[in-house]
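I opened the notebook today to look up how two chains meet. Here is what I checked, in the order I checked it.

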Protein chains: 2
Amino acid sequence: MTDRPPPDRPHDRPIATLPRLGEIGLTNYAPYLMNRIMGRYNASLRTEMAELGLTTPKMRALAVLSVIDGPLIRELSVYIVAEQSTLSRALDQLAAEGLIHRETDPGDSRATRVFITDAGRATFETLWPRMAEAQARMFRGITDDERRAFVGTLQKMLANIRKHEI
Amino acid sequence: MTDRPPPDRPHDRPIATLPRLGEIGLTNYAPYLMNRIMGRYNASLRTEMAELGLTTPKMRALAVLSVIDGPLIRELSVYIVAEQSTLSRALDQLAAEGLIHRETDPGDSRATRVFITDAGRATFETLWPRMAEAQARMFRGITDDERRAFVGTLQKMLANIRKHEI
DNA sequence: CAGGGATATTTGCAAATGCATTTAAATCTG
DNA sequence: CAGATTTAAATGCATTTGCAAATATCCCTG
């Protein structure tokens, strides 16, 4: 159960070859660490979400809608990182439960804007302490300065990989 | 489409109330940023993975197995952040495609150890440049020092939220 | 060393997801 | 301004996923 030694580099390859994952080491490859941390974070919320009848996209939609008022469905799908079709169905459920409502955009009748209801806000407020707690656990033993620097780097990274203008 | 102003704090609540998500701001809440960045990273690999007949857990299994030799299935599921049942089925497929093979643990016949084959290693080597590229894009314009500090914080975070001893 | 509980993995099944397509409306172009 | 093209959202369908239960094996205790 230990990292295997890096394989010998063939003689016919230049020195500046792309390093292999084994050479970097799993725990120095940022996407691996981030996926694993977020997997735990999301799993730690799943029980609480299930009790409220929420899935991950439904919860994320409520979270974003508690902050951003009346986005288009396509915009919302960017924020919550889900396919538009997934979001469309999640919104069906949230609307049926009275947690959001949809309104056709006044200026473009193809488009739909989404709003959180008071009930939706209340549901999110129930979940929020657990989310804050999960975040606090992640940052245990990390100074405010280090956390600020970390979040600053995340913001740069988001700007780098952003595909949409949102 | 702008962050709404923080709602008034009710008079009957103490000052030290848990700050709301709207007060922190979406782009200062680390889990939101990390989910969004990883969503893009994973999406950016999906096309290439699909061409190789891989799903996310299959790809992650190959990635981990290229570095760690012969883990138990349950251990592997921790690394790749998936349910054992999901991994079990992903391994069925990878084995059918000849990319891994499973062997009953000599000392415990309940347990199964997983090994990558040469073909599996070759498949992962095809994908790895795209993964390295996606990582490089994430860190564009970020200095080596900043990246090292960032990865260091990630490692602390993983230790914090780790549920298993792996 | 037998029996109860724990552990490793697989399987059944319902729900969720992603891709491709459809529907509807707006915009561009000649 | 008609027809082609683009854009927003919803829907059909096959696949994937997660939870719970089943199966097989191991370990612990009396």
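**Entry 1: salt bridges**

I began with Glu125(B), which forms a salt bridge with Arg20(A), the closest N and O atoms being 3.0 Å apart. A salt bridge here is a side-chain nitrogen of Lys or Arg within 4 Å of a carboxyl oxygen of Asp or Glu. This pair crosses between chains: Glu125(B) lies in helix 6 (residues 118-138) of chain B, and Arg20(A) in the segment before helix 1 of chain A. Helices are DSSP runs (H or I, at least four residues), numbered from the N terminus.

I note that this is a predicted model, where local features need pLDDT of at least 70 and side-chain atom pairs count only at pLDDT 80 or more, while totals for chains, interfaces and linings use all residues. Residues are numbered from 1 along each chain as its sequence is written, chains are lettered from A in the order in which they are written, and side-chain values use heavy atoms, with hydrogens and water left out.

I then looked up Glu146(A), which forms a salt bridge with Lys156(B), with 2.7 Å between the closest N and O atoms. Over all chains the structure holds 20 salt bridges, and the rule finds 4 across the interface of chain A and chain B.

**Entry 2: the interface**

How many residues of chain A are in contact with chain B? I found 68 residues of chain A in contact with 67 residues of chain B, contact meaning heavy atoms within 4.5 Å. The area buried between the two chains is about 6,900 Å², and carbon and sulfur atoms give 66% of that. Buried area is the accessible area (1.4 Å probe) that two parts lose on being put together, summed over both.

**Entry 3: two helices in chain A**

Last, I checked helix 3 (residues 56-65) of chain A against helix 6 (residues 118-138) of chain A: they pack at an angle of about 105°, with axes 10 Å apart. Axes are lines fitted to C-alpha atoms over the stretch in contact, and angles run from 0 to 180 degrees between N-to-C directions. Helix 3 of chain A and helix 6 of chain A are therefore roughly perpendicular (65 to 115 degrees).

Definitions and conventions:
Angles under 35 degrees count as roughly parallel, over 145 as roughly antiparallel, 65 to 115 as roughly perpendicular and the rest as oblique.
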